[in-house]
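Please look over the chain shown below before reading on. The briefing that follows goes through it topic by topic.

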Amino acid sequence: MEDNDILSQKKEENNTSKDDPFLRNAEANADIFIGGDTRLLAEKRLTAIKKSRKKTFSESPNNNKLSSSSFSSNELSSFDNTTETKWIQLGPTTIPDGQTYSRRDIRVLVSGRVTAIAPHPQDANIIYLGAAQGGVWKTTDGGRNWKAKSDNLPSLAIGALAIDESNPLVVYAGTGEGNFSTDSQYGMGIIKTVDGGENWELKGLSTFFTSRFCRLAVNRNKSSTIFAAATSSPGSNAASGVYRSNDGGDNWSRMNNLLPPIDTLGATDIVLDPNNSDIAYAAFWGDGIYKTNEANLDNPRWNKISNGLPAATDITRIVLGISKSSPNTLYALMANSKRIIDKFYYTNDGGSTWKRITLPGVRFSGKPYPDSIGVQGTYNINLAVNPQNKDIVYLSGMSLWKAIYNSSNDSWKFFDVGEDIHPDNHAFAFNHQNPRIIYAGNDGGIYQSNDEGSTWIDSINEGLCITQFTFMEQHPTSDSVILSGTQDNGTVLYRNSPACYHSADGDGGFCAIDHIKTNNYFHTFYGPDPALSTRAGNFVSWRRIKKGLPPFENPDGSRNSLFYPPIALDKTNPNNIAFGGDILYLDNSQGLGGWQEHISLPNRKGFVSAINYVNSNLIYVATFGGSVYRLTKSINQWNAHKIESNAWPERPIWDVITLPNDNTKIIIILSGFNTGPNNPHIFYVGVPQQGEEATWTDISGTGENRIPDAPVNALVIEDDNQDIMYIGMDAGVWRTTDGGKNWTPFNQGLPNTQVYDMRLHSDTRLLRVVTHGRGIWQIKLDTETMNNVNIFLRDNVLDTGVVAPSPTDADAIFEDEYQGITLGQKLKWHMCPDIKIDSPAEDSTYQMDIEDVDYVKFEHKLFNRNIKRGKTNRIYLQVHNRGVKDVTQATIKILYCNNTNAWPNLPSDFWTQFPENSQDIFNWKPIGEPKVLPSLPKTLTFTEPTIVSWEWMAPLDLSENIGMLAVIDSIDDPLPQETKTKFAIDSLVPNEKRVGVRILKVAS
């Protein structure tokens, strides 16, 4: 494929758009390793969380070590309540048309990285799920609705889940993701619930501080005994190896008797014999497999079992599976030092002897991998044995494999059953009542199969807001569009629906939107690989603009840029674009000119990490190592001046912002920890017009109102008041109103997750953030109080329900084939996109069954059709609730009128009779009976819209165009009395968010 060809949008064989978990985001997780010892940094992180969340954890006075504390999620919600501001989740609650490796180009719903799945042992409708940095989630209806259960706990990085089968209300979650990628965040202990996730206790904080969990296992015969397989960086003195608690998680001790020492990487798996609680097996990174027959003794003796197993010289991660129906049968899957999953073994005698099973071999990126199931084996690897048949095993790798043993000829067959779901599998589980029903967890979310992997159901992925975002941009004129890159789920467009639009495949990084030619969008894959769309991010419209840029890696393995390198447009002339690597690359035709202008940065420390293209003659550049430059252009020649202080700490800089109306003043932010005396992270810099000297002022706050020593990732400044600033940190959002003298947390309602980027939409006063694990959130800055429920219907596709009157006579800023909207089309108040018609085709069929239409299919599968006279038409209405509480009760009425040239008023008794019919139904005729919410299967939550429907035999006397009107009233968000004095449609609809109208075409 040539550099400037329109992308086919399939996962490419040359691997340029694929994710690499071991290069990915190392820079954005700089706090893990920049600034000191891992444990020291973790303590600083916990201190920052406590300060940000206004929460005090108990600490023991001895050696300043942290001890376990007990608290509920409600107690952790004790934010500063001096204002009534609240953050609202925008999504994505799912992303349709996500990528797979399917040869048939199958597209699926995706959400984010799922690391653990724990189905309830008795109730098949209850499933717990752990996400990489999205916390613990729970469904009680088989996946139709999901609820976040741990948003305010100290860590949302989940590595393992385990349910106490004797009391399934008891669930353990190990914080710290044991998947060995650079954004697999360490944790802060184990959290435990005894009431099914409503409240949590923090356990083992002092023991497992900075560790990561690969597996938790509860003793079925003695449920107060729990085992943990934990890993940590070698030499960090954090928990590493096999640990046991005999008192329900309150206290933990390391198993040391003949097991590898604590300064190794640690244990990558542990399984318990389901019939004999004395027997346990553990796997250790780069070492092998150990067994004990004394698991319940005070100091159990472990023995390494190796008869038939390979030597440890070429082993890294090992995972285990034990047969529930035949506990002497175990399986082991291993990755080699090149991360290839190339070793598969089994034993039928409890580990005394092992035999190797030949793996099928795969091709990846055009390269063969014989006797393996693929690469990335220290990241995506898992193993599970069918609980009723020891000869059926599932192997998780990049894909999911089903292995079946045929005893008649002593042979194995392998089936790639994961080709049609998202790749990079980490978690697997069986339905306890029916092992034909399986669940797979991977970088795209959770998937269910009811036939052992032959076919898959992706609708279970709806409702999870766990996408790991990297960087963002928003539309320059409308609050309805946000463009963001994600970890392995492509580049995503929020287009006024939590079912976000999948804009591009691969890994998504920096984004930009031309503020003049607003249909021109930019994004990057990883490395020097930007792309341009001139159709507002339409999936098939991206054109690569990498010609003239260096490769990501050189033949010697050295790199030429960050994993997610920055791009920036000239704020005065967006034809000019800059790209940052080891130097700065410029192009004056939006990347189509070959990047012919190269600017070296003298004495550079690290790759370029931030670019502010102020105007055609001024650029500010910062680097991952803390260098700051002012680039000026004179007589067609760029000159780079280094302006940072000599004592400047070598920390990553993610933003360089100029003050409003003064390009000689900048604010810079620092990531990492331990940034110098008093640990400054925000600096005000006065940059002179000439020379290299600059004045630096620490504006990180003073005293109790100083921000914590934690990474700062983004900053925005109010346009009309430069003293008001907001920062996004690893410890949430903070705000200053006095130019940085004092900072206060600004987190009410925002989950405890890392904020990676932020933007302020000044016209609507919306502050938006993208998080690395909990999606996109916004807060309305000019609203002191807000209703907990915020029901609305959109007047057109740009209406976000935020401002009144709604935008009208605006140009459509994206295409929507399902709505019949073209780019640039004039939008009116009578184009409610939440009303759609499905009329019968010539063969009397409809697009889909009524019960199958939810908000995802409504937005991304259901075409709006013309009404057909004398036929049964299906009317669908999408209702939104962008609040913080679910709807208790809402009533919806729908009507139509024939005259749209001169809209008739509502009848005079309309509001007094609502929801019953008016006495006068000559002009506005009711359709069917009013609907009442909530109603199954999808209830109207504060995170997902819901769909209500009517079947309507359209009269023969309909005109060519009719107006269809929808009205909602709710006890949670009632129609105002002022609204009930309005009867003129053209003034009612644009000013009332609970009313929508759409002109619909009628066909014979």
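How many residues does helix H1 have, and what distance does it reach from its first C-alpha to its last? Helix H1, residues 38-53, has 16 residues and reaches 22 Å between those two atoms, close to the 22 Å expected at 1.5 Å a residue. This is a predicted model, and the points below are grouped by topic.

**Helix H1 and its surroundings**

- The buried residues of H1 are Thr38, Arg39, Leu41, Ala42, Arg45, Leu46, Ala48, Ile49, Lys50, Ser52 and Arg53, and these buried residues pack against helix H2 (205-208), strand E55 (732-736) and strand E56 (744-745).
- Just after H1, Lys54 takes a positive phi of about 55 degrees.

**Nonpolar cores**

- The largest nonpolar core has 29 residues, of which Ile867, Leu877, Trp952, Ile962 and Met964 touch the most other members.
- At least two residues of this core come from each of the strands E63 (835-838), E65 (872-881), E66 (890-897), E69 (946-953), E70 (961-970) and E71 (995-1003).
- When neighbours within four places in sequence are left aside, the contacts of Trp952 are Ile867, Lys871, Thr872, Asn873, Ile875, Tyr896, Ile927, Leu958, Ile962 and Met964.
- There is also a second, separate core of 26 residues, which includes Ile340, Ile381, Leu383 and Ala403.

**Aromatic pairs**

- A search of the whole structure finds 36 aromatic pairs, and the pair of Phe344 and Trp412 counts as edge-to-face because the ring centres are 6.2 Å apart and the planes stand at 70 degrees, where over 60 is the cut-off for that class.
- This pair links distant parts of the chain, with Phe344 in strand E22 (residues 341-347) and Trp412 in strand E29 (residues 411-416), 68 residues apart.
- Phe344 counts as buried because its relative accessibility is 0%, and Trp412 is buried with a relative accessible area of 18%, where the cut-off for buried is under 20%.
- The aromatic pair of Phe471 and Trp654 is tilted, with 6.3 Å from centre to centre and 55 degrees between the planes.
- Because Phe471 lies in strand E33 (residues 469-474) and Trp654 in strand E49 (residues 653-659), this pair ties together parts that are 183 residues apart in sequence.
- Phe471 counts as buried at 8% relative accessibility, and Trp654 is buried with a relative accessible area of 7%.
- Ring pairs also link Phe471 and Trp654 into a cluster with Phe510, Tyr526, Phe552, Phe563, Tyr564 and Phe624.

**Charges over rings**

- The charged end of Arg874 sits over the ring of Tyr846, at 3.8 Å from the ring centre.
- The charged end of Lys925 sits over the ring of Phe922, at 5.6 Å from the ring centre.

- Strand E13 (residues 226-231) is largely enclosed by the rest of the structure, because six of its six residues are buried.
- In a regular strand the side chains alternate between the two faces of the sheet.
- In E13, Ile226, Ala228 and Ala230 point one way, whereas Phe227, Ala229 and Thr231 point the other way, and all are buried.
- Strand E12 (residues 212-218) runs antiparallel to E13 and is joined to it by six bridges, and in E13 the bridge partner of Leu216 is Ala228.
- Strand E14 (residues 241-245) also runs antiparallel to E13, with five bridges joining the two, and in E14 the bridge partner of Ala228 is Tyr243.

**Strand E63 and its partner E65**

- Four bridges join E63 to E65, and the two strands run antiparallel.
- Asp838 stands opposite Arg874 in E65, and Arg874 is the residue whose charged end sits over the ring of Tyr846.

**The loop that holds Asn674**

- Asn674 has its place in the loop between strand E50 (662-670) and strand E51 (682-686), and Asn674 is partly exposed, with a relative accessible area of 22%.
- Asn674 and Arg651 are 23 residues apart in sequence, and their C-alpha atoms are 9.1 Å apart in space.

Conventions
Residues numbered from 1 in each chain as written. Predicted model: local features only at pLDDT ≥ 70, side-chain atom pairs only at ≥ 80, totals over all residues. Heavy atoms only, no water. Expected span 1.5 Å × (residues − 1). Buried < 20%, exposed > 50% of the residue type's maximum accessible area, 1.4 Å probe, protein only. Contact = heavy atoms within 4.5 Å. Core = buried A, V, L, I, M, F, W, Y, C linked by side-chain atoms within 4.5 Å. Phe/Tyr/Trp six-rings, centres within 6.5 Å; stacked < 30°, edge-to-face > 60°. Lys NZ or Arg CZ within 6 Å of the ring centre and 35° of its normal. Pairing = 2+ DSSP bridges.
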